[in-house]
Amino acid sequence: RDDAVQKDESQKQDFRNNRQHNPLAAKQNRLLQVRQSLPIWPQATNIRNALLENHVLILAGETGSGKSTQVPQFLHTSAWCTGRVAVTQPRRVAAVSLARRVAEEMGTPLGKSPQSLVGYNVRFDDNVGKNNRIKFLTEGMLLQEMLRDPALAEYSCVVVDEVHERSVNVDLLLGFLRGLVTGTGEAAKKRKGKPLKVVVMSATADTEKLKDFFSEGFGQPPTVDSIPTVNDGEPVLDKEETSVEKSQESSVLSSNKISTCFVEGRMYPVQTEYLSEPTRDFSEAALLQIFQIHRKEPMPGDILVFLTGGDVITNLQQAIEDMIPNVITKDSGLPKLLVLPLYAALSQAQQQAIFSPAPPNTRKVILATNIAETSITVPGVRFVVDSGKAKIKQFRNRLGLDSLLVKDISKSSAIQRQGRAGREAAGKCFRLYTKSNFETLEKDTVPEILRCDLSSAVLTMKARGVNDVMDFPLLTRPSREAMERALLQLLQLDALNPEDGNISDLGRKIARLPLTPAHGRTIIAAADPEMGCLLPVIDIVACFNSENIFVEVKDQDANDEAREARNKLSCRQGDHLTLLSAVQAYASERTDRKQWAKQHLVSHRSMQNVMDVRKQLRAQCQQAKLLTKEELANADDDNLATVSESTGNNILKCFLRGFPTNVARLVPDGSYRTIHGHMAVAIHPSSVLYGRKLEAILYNEFVYTNRTYARSVSAIQMNWLEEIYSGSS
Ligand code: ADP
């Protein structure tokens with residue numbers, strides 16, 4: 001017996017030693033401690049119980065309280081959870097970074113490996129394994145999965161995160177999910193009695209609208225059971241224990257179908273400062289503010305700067321780095337500055353960098369878009385600099401197009417941004433606008449569904465069997481006029497049958513592609529054997545789905561050689577074919593692509609992204625039987641295929657098929673006017689056709705500065721329009 005005791009003791013000792021020496025176990029332990037300190041941790045039992053009884057849980061909690069990382073882990077082990085847990089995100093970057101984090105916390109590899117419990121699926125990047133229990137995905141991808149499986153049979157639970165962002169996709173998703181949880185509609189029957197649980201998570205406490213929306217679906221007046229709010233640090237165990245017993249007793253049949261839960265985050269005071277005079281140049285103001293903080297404010301404390309987009313961020317990063325040697329001299333005794341960009345088009349590795357603590361005696365400056373507002377929590381931040389601006393998608397009625405516009409943010413966005421400074425300690429927020437400016441901001445951001453082109457949304461509904469789109473349950477209803485405009489646009493693209501307005505076969509094909517209906521239609525036109533230009537069209541569409549591949553040429557920084565090299569890529573027919581020639585030249589470069597990109601004033605980073613998107617689009621076209629295996633195998637990048645004039649014309653005709661209203665013609669006074677609406681537009685200075693007078697132009701988008709510009713422009717012939725409408729392609 002003594003031996004046995006001794007053996008047991010030594011085993012325990014081994015185990016302890018092992019834990020000390022096993023870096024993985026130690027890491028796991030460290031992560032567990034972090035998890036346990038999150039404000040949501042004490043709510044785990046409450047959250048689990050809420051779903052034992054109810055179908056829907058509405059959970060509101062401060063950004064950083066642990067919703068996105070912890071809730072899926074609380075749920076996937078529940079007895080009812082025999083299928084997967086899906087967690088949706090409005091942005092790819094959040095889906096990927098959360099999946100990585102949760103896999104790490106659970107101590108399993110990420111993605112396809114058989115041991116992996118966590119995977120992700122975002123547009124152009126599918127990393128899901130057979131044994132994944134938790135799957136992070138963008139809202140768009142879950143909608144895409146519903147085409148294949150409208151009942152979402154593989155899931156027991158869908159966690160809809162970041163609903164406060166109110167993307168169009170989240171609004172659509174809530175409509176479909178309401179049908180599934182309430183058991184209405186055909187799709188719900190296909191679940192064969194297996195319930196689906198839905199968790200709706202929001203960073204704002206405004207949950208009434210969501211409660212009413214789901215209650216209406218259950219056909220009941222709002223009967224809502226609230227879980228008591230638990231303040232961080234308050235002892236809650238007793239309360240929890242009793243609620244466990246109670247809810248388990250009554251878990252069989254509950255009349256309460258919806259629960260709500262509030263998690264209060266840790267919030268330290270944030271002192272807010274405004275500019276005394278408005279500024280015209282927020283980048284300049286940000287630059288000064290960052291160095292002022294660095295000189296005056298104590299360490300530790302990283303700086304988070306909210307800006308509008310990748311281009312502004314790259315320029316400001318350069319400006320800061322140029323200024324560092326002048327300010328942080330040996331004599332100044334100032335700590336170092338490490339500038340980290342954070343925006344959607346960055347690679348995963350670059351995005352992940354913001355989570356690492358700064359090296360010793362270094363302050364991090366994170367230059368971010370509104371990704372960092374709620375989607376991603378950056379640890380270590382004590383100072384926020386808020387430009388007060390964001391790039392917002394906006395539909396222009398007269399132009400019939402979506403465009404990204406730099407706009408003032410709403411008050412609630414400004415408050416979210418300010419909150420980022422007070423997560424770990426008292427902080428400061430510097431608003432680069434005046435106090436009276438703040439007072440004039442809109443209260444909330446208008447939901448995207450009221451701002452954007454609805455053709456994608458309507459096609460999404462039609463493809464999932466919603467024939468009467470006016471009747472579809474939506475949290476906020478767009479105007480009838482906007483819906484009708486979208487229907488008309490889809491008719492023009494042949495995505496709907498003109499007789500009954502239901503989705504056509506072509507519409508179904510378009511809906512399967514992860515693109516806007518216009519780009520989807522372009523791809524399908526290109527796959528027509530008469531056109532025979534699918535591969536080059538994919539290359540161009542890939543460019544339109546990535547950040548700009550051409551580096552902005554400023555007079556002072558481009559040498560003649562690079563300009564000449566870049567000019568060689570230009571095609572006289574316009575920007576579409578210029579993009580194509582750049583992609584093909586880059587792809588056929590086998591020795592040093594980075595060097596090639598530099599020599600041609602092309603962004604290597606954007607090009608890498610284009611190549612990624614192109615690969616995925618090719619695979620998807622193959623799946624959709626638009627492209628055969630042989631054609632794909634013959635797509636040989638080593639032989640630069642020069643595009644003949646007729647192929648070039650065919651390519652442009654395909655784009656015209658997808659964008660039949662994005663055409664402007666030259667009028668006698670020498671300006672261009674759109675064929676619909678007769679609006680004056682000018683060719684954007686970035687275009688290879690800038691300053692040219694042509695019969696007619698086709699453009700991909702509008703940009704607004706002091707006037708309306710058409711960007712990504714090509715020359716077309718007016719008779720092509722007639723040809724298209726009389727032909728079948
Ligand atoms: P919420 O959803 O409530 O905003 P999260 O679950 O996203 O909260 O974040 C909880 C904590 O986990 C935050 O403090 C954040 O810093 C950390 N975290 C989240 N994602 C990552 C990541 N990819 N790498 C490192 N830490 C992360």
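Lying across is judged by contact, that is, C-beta atoms placed from the backbone and within 7 Å of each other. Helices (H or I, at least four residues) and strands (E, at least two) are DSSP runs numbered from the N terminus.

The model is predicted; local features need pLDDT of at least 70, side-chain atom pairs count only at pLDDT 80 or more, and totals for chains, interfaces and linings use all residues. Residues are numbered from 1 along each chain as its sequence is written. The confidence of the predictor in each residue, pLDDT, goes from 0 to 100. Its mean over the chain is 86, and 88% of the residues reach 70 or more. Residues 222-255 stay under 50. For this stretch the model has 41 contacts beyond four places in sequence. Where pLDDT is low, the predicted coordinates should not be read in detail. The predictor gives the complex an ipTM of 0.97 and a pTM of 0.81.

The chain holds 28 helices and 22 strands. Of its 729 residues, 43% count as buried. Buried means 20 or more other C-beta atoms within 10 Å of the residue's own, exposed means 12 or fewer, and partly exposed lies in between, with C-beta atoms placed from the backbone. Among contacts with a separation of 6 or more, 73% join residues 24 or more positions apart.

Two strands pair if DSSP finds at least two bridges between them. Seven bridges join S12 to S13 (residues 362-368) in the parallel sense. Across this pair, Leu 338 stands opposite Lys 364.

A loop between helix H11 (282-296) and S11 contains Pro 300. The peptide bond from Met 299 to Pro 300 is cis, with omega near -10°.

Strands S21 (residues 696-704) and S22 (residues 708-716) run antiparallel and are joined by eight bridges. Leu 698 stands opposite Ser 714 in S22.

The largest nonpolar core has 178 residues. Such a core is a set of buried Ala, Val, Leu, Ile, Met, Phe, Trp, Tyr and Cys residues joined through C-beta atoms within 7 Å. Val 160, Val 305, Ala 368, Ile 523 and Leu 534 touch the most other members. Contacts of Val 160 include Thr 88, Val 170, Leu 173 and Met 201, not counting residues up to four places away in sequence. In soluble globular proteins, nonpolar side chains tend to be buried together.

Arg 166 lies in the loop between strand S6 (155-160) and helix H7 (168-181). Its phi is near 50°, a positive value in a residue other than glycine. Arg 166 counts as buried because it has 22 C-beta neighbours inside 10 Å.

Helix H25 (residues 604-623) has 20 residues. From first C-alpha to last it reaches 29 Å, close to the 28 Å expected at 1.5 Å a residue. The expected span is 1.5 Å times one less than the number of residues. Its buried residues include Met 607, Val 610, Arg 614 and Cys 621. Among the elements covering them are helices H20 (517-527), H21 (534-544) and H23 (575-588).

Lys 625 follows H25, in the loop between H25 and H26. Its phi is positive, about 60°, although Lys 625 is not a glycine. With 9 C-beta neighbours inside 10 Å, Lys 625 counts as exposed.

Notes:
Contact = placed C-beta atoms within 7 Å.
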